[in-house]
Amino acid sequence: MIDTMHTPDERSAPSPDVVDGELAAIIGEWEQLTSEEPWHVDPHRYGADTLHATIRAVLDMAVWGGTDPFAPERLVRTAAAHGDQRRTQGARSDELLAEYHALRGAFWRFLKRESGGGPEAIAQILRTDVALGIATTVALRGYHRSETPAGTSWESVMLRQVSEASLRLVDELPVGRSS
């Protein structure tokens with residue numbers, strides 16, 4: 001869903017449903033899995049690690065069921081920024097993919113520990129997998145942003161990604177549907 005009625009800042013605000021303790025738990029799992037990897041960020045040189053915003057956007061889509069209409073756009077924009085930041089840091093594209101592999105592991109550990117099992121746990125895992133698949137694809141797009149053909153605006157690329165992500169989420173997620 002592309003929103004033309006709100007400013008980018010309004011669309012970028014995290015969902016109020018995101019609980020900072022859960023965000024911290026997933027970041028903690030990710031840090032355990034990646035403590036020796038090359039993508040740790042120097043905040044003085046590169047700014048805040050954009051992966052944190054990406055994790056929050058995945059949480060908006062996955063754990064809380066994707067009920068926020070701006071969540072797909074936040075997911076796309078934060079993942080693209082994350083890929084762009086990793087390229088700026090000199091990370092290779094395979095390292096970006098390895099980072100998302102570790103992130104999947106962190107989400108799996110978190111959901112396994114925190115969910116009580118049952119149908120909702122399975123739905124959360126499915127939503128997480130779809131959201132992380134979208135984030136991985138868009139992060140690679142952000143990583144290769146500098147290769148965007150001349151005459152193509154980055155904003156049009158982002159809007160197309162938002163549209164495609166929204167359609168994929170509607171098609172693949174059991175949000176608002178009876179099982």
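Modeller: Two residues are in contact when heavy atoms of theirs lie within 4.5 Å. With that in hand, I will look at the packing of helix H4, residues 50-62, against helix H7, residues 118-143. Bear in mind that this is a predicted model.

The setting comes before the detail. The protein has eight helices and zero strands, and read along the sequence the pattern is α-α-α-α-α-α-α-α. Buried residues account for 44% of its 179 residues. Of the contacts between residues at least 6 apart in sequence, 80% link residues at least 24 apart.

Now the pair itself. The axes of H4 and H7 are 8 Å apart, and the angle between the two helices is about 140°. Roughly antiparallel would require an angle over 145 degrees, so H4 counts as oblique to H7. The crossing of H4 past H7 is right-handed.

On the H4 side, the residues that meet H7 are Thr54, Val58, Met61 and Ala62. Their counterparts in H7 are Gln124, Arg127, Thr128, Ala131, Leu132 and Ala135. Sorted by class, this contact of H4 with H7 comprises six nonpolar residues, three polar ones and one charged one.

Thr54, in helix H4, deserves a separate look. Its relative accessible area is 0%, so Thr54 is buried. Leaving out residues up to four places away in sequence, Thr54 touches Thr78, Ala79, His82, Tyr100 and Ala135. Of these, Ala135 belongs to the H7 side of the helix pair.

Apart from neighbours within four places in sequence, Leu75 is in contact with Ala57, Val58, Met61, Ala131, Ile134 and Ala135. Val58 and Met61 are among the H4 residues that meet H7, and Ala131 and Ala135 are among those on the H7 side.

In soluble globular proteins, nonpolar side chains tend to be buried together. Here the largest nonpolar core has 35 residues, and those touching the most other members are Ile55, Val58, Leu75, Tyr100, Leu103, Phe107 and Ile134. At least two residues of this core come from each of helix H2 (20-34), H4, helix H5 (71-88), helix H6 (93-114), H7 and helix H8 (154-172). The greatest share comes from H7, which gives eight residues.

Terms used: Residues are numbered from 1 along each chain as its sequence is written. This is a predicted model: local features need pLDDT of at least 70, side-chain atom pairs count only at pLDDT 80 or more; totals for chains, interfaces and linings use all residues. Side-chain values use heavy atoms; hydrogens and water are left out. Axes are lines fitted to C-alpha atoms, for helices over the stretch in contact, and angles run from 0 to 180 degrees between N-to-C directions. Helices (H or I, at least four residues) and strands (E, at least two) are DSSP runs, numbered from the N terminus. Angles under 35 degrees count as roughly parallel, over 145 as roughly antiparallel, 65 to 115 as roughly perpendicular and the rest as oblique. A crossing is left-handed if the near helix is turned anticlockwise from the far one by less than a right angle, and right-handed if clockwise. Ala, Val, Leu, Ile, Met, Phe, Trp, Tyr, Cys and Pro count as nonpolar, Asp, Glu, Lys and Arg as charged, and the others, Gly among them, as polar. A nonpolar core is a set of buried Ala, Val, Leu, Ile, Met, Phe, Trp, Tyr and Cys residues joined through side-chain atoms within 4.5 Å. Buried means under 20% relative accessible area, exposed over 50%, partly exposed in between (1.4 Å probe, protein chains only).
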